[in-house]
Each structure stands twice: as C-alpha cells, then as structure tokens.
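Here is a short report on one protein chain. Look over the sequence and the model first.

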Amino acid sequence: MPKAPEEAPEATQDMPEQPEGSGGTRWRRFALVAVPGFVAAAVLGGMTTQGLLAASFAVSGDSFKMSADSLEGNGFSQYGDVANSVDGSARPVGLSTINTAELDNLCMSSLWDLPIGDATLVINAGATNPVQGSNLVIDIEQLQGNAEFSAIEIGRDASTLDKAEGGQGPAGGFGLQSDSITVSDMQLTTWAVTSGSLRLSGLNLAIKPGNHECF
C-alpha cells in the first residue's frame, strides 16, 4: 500500500511580546516615542503604518504629558476608544490619528515614583526646527489649547472616517474628522503615542529629581 503523505509540521505563530513591567518607571513608553532607533519603536511604527493602532500594546498605569507651542497636522480623525493596562484596568480615551504633523517646541514628561523619591523624565525637541511625525496615533485623555480645523465633520460614524489612514473606529461609534488641524499652546495628557516615523530635531532627554513636568 502507498504510504500516507507525512503531515507537515504545524506552523508556529510568534506570540506578541508582552511589555515588561518596571515598577513606578515608564521608560519603555517614552523610548517608543522618543527614540525611533530602538527595535521596539520600529516594530510599533510598522504596525501603525499597517493600521494596527494603539491597541497593539498595553499601556502603563500612568498617563504622561505633552506640550507644544503649536501642532499642525494634515488628515485628522478621532473616535472613542479604550486604553487597556496590564493590571486589567481600562480607561476611556479619544483615539486620534494624524497622517502627518509638525510640532514646535515639543515637551514630553513622565513623573516617576521611585524608592528614593519623585523623578521626572523630560524630553525636549523642536526648539529650532519642528518635530516631524507621520501616522501619529494618540490616546488622548485631555487636550487644551486654541484649535482650528478645516473641513471638519462632527458626528460621523466612526467606521466611515476616511481622512486619516487607518483612523477608523467601530460601526455606530461617534467620530469626527477634518482635512487639517492646528493647535497652538497645546497641553495634552495621554496614555500612549505611536508613530510610523518621528524626527526629533535638537533632542534633549534628561531625568531630573523632583517634579518637572511640562505643565
């Protein structure tokens, strides 16, 4: 009798790497934002450009702050979403997607609770030449500033948003979008940021004892 063909070994699937907890510190999250040369940042950037947005990793237990003299973006969309943490908690956010953006005088800060006391990771860039980003995805908890939108649509079904690449939400969800967005004197609290690419001109990264947040 002819031999039955051998069964091909079952392909294994790589499990997504889980983010490592680090107590009160949030270095990994800022590494993803501020140092695109890191392997983890490159992986997340690739996910973002393919439409695998902020849900691709679990957020830490604390938000962080961003400020800029101005943000100018093309192709903007936003809808309601949830930021999930490794501790099982979930937080409502406005998931915002911007195709391309420039930020003047950008500041990012994260307050750490360390055994020796508070410390702040502070990142500054774009004082002379703007920070440039593409396929930005921001989990916004709060945004303050002076905003201007062009060709804005408010209340559009989130699943039909089409002005930002990969910026569609669930069917039936509340969404808004615009051709462009400009925010001056921006103060933003966020749980996570991913970017297909991020160019930080004049980068300055410092870890300072005490509270030195952007605002």
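## Terms and model

Contact means heavy atoms within 4.5 Å. Leaving aside neighbours within four places in sequence, Met-186 is in contact with Met-66, Ser-67, Ala-68, Leu-71, Leu-103, Leu-143 and Gln-144.

This is a predicted model: local features need pLDDT of at least 70, side-chain atom pairs count only at pLDDT 80 or more, and totals for chains, interfaces and linings use all residues. Residues are numbered from 1 along each chain as its sequence is written, and side-chain values use heavy atoms, with hydrogens and water left out.

## Overall build

The chain has two helices and nine strands. Both kinds of element are DSSP runs, numbered from the N terminus: helices are H or I with at least four residues, strands are E with at least two. Along the sequence the order is α-α-β-β-β-β-β-β-β-β-β. Among contacts between residues at least 6 apart in sequence, 77% join residues at least 24 apart.

The chain holds 215 residues, and 40% of them count as buried. Buried means under 20% relative accessible area, exposed over 50%, and partly exposed in between (1.4 Å probe, protein chains only). The chain exposes about 11600 Å², with carbon and sulfur atoms supplying 52% of it. Accessible areas come from the Shrake-Rupley method with a 1.4 Å probe; for residues, only the protein chains shown count as cover.

## The nonpolar core

A nonpolar core is a set of buried Ala, Val, Leu, Ile, Met, Phe, Trp, Tyr and Cys residues joined through side-chain atoms within 4.5 Å. The largest one has 24 residues. Met-66, Leu-103, Leu-106, Val-131 and Met-186 touch the most other members. Two or more residues each come from S1, strand S2 (90–104), S3, strand S4 (117–125), S5 and S7. S7 gives the largest share, six residues. In soluble globular proteins, nonpolar side chains tend to be buried together.

## Cavity and pocket

On a 1 Å grid over the protein atoms alone, a cavity is a set of points where a 1.4 Å probe fits but cannot get out. A pocket is an open set with protein on both sides within 12 Å along at least five of seven lines, and lining residues have an atom within 4 Å of a point. Grid points are joined across faces, edges and corners; a volume is the space filled by probe spheres set on the points. There is one cavity of 30 Å³ or more. The largest cavity holds about 90 Å³. Its lining has 12 residues, with Met-66, Leu-103, Leu-106, Leu-136 and Leu-198 nearest the centre. Strands S1 (64–84), S3 (106–114), S5 (131–150) and S7 (174–194) each give two or more residues to this lining. S5 gives the most, three. By class, the lining has 12 nonpolar, no polar and no charged residues. Ala, Val, Leu, Ile, Met, Phe, Trp, Tyr, Cys and Pro count as nonpolar, Asp, Glu, Lys and Arg as charged, and the others, Gly among them, as polar.

The second largest pocket holds about 160 Å³. It has 16 lining residues; Phe-76, Gln-78, Ile-140, Leu-143 and Ile-181 are the closest to its centre. S1, S2, S5 and S7 each supply at least two. This lining has 14 nonpolar, two polar and no charged residues.

## Two positive phi values

Most residues other than glycine have a negative phi. Asn-105 has a phi near 55 degrees, a positive value. Asn-105 sits in the loop between S2 and S3 and is partly exposed, at 35% relative accessibility. Asn-135 has a phi near 50 degrees, also positive. Asn-135 lies in strand S5 and is buried, with a relative accessible area of 13%.
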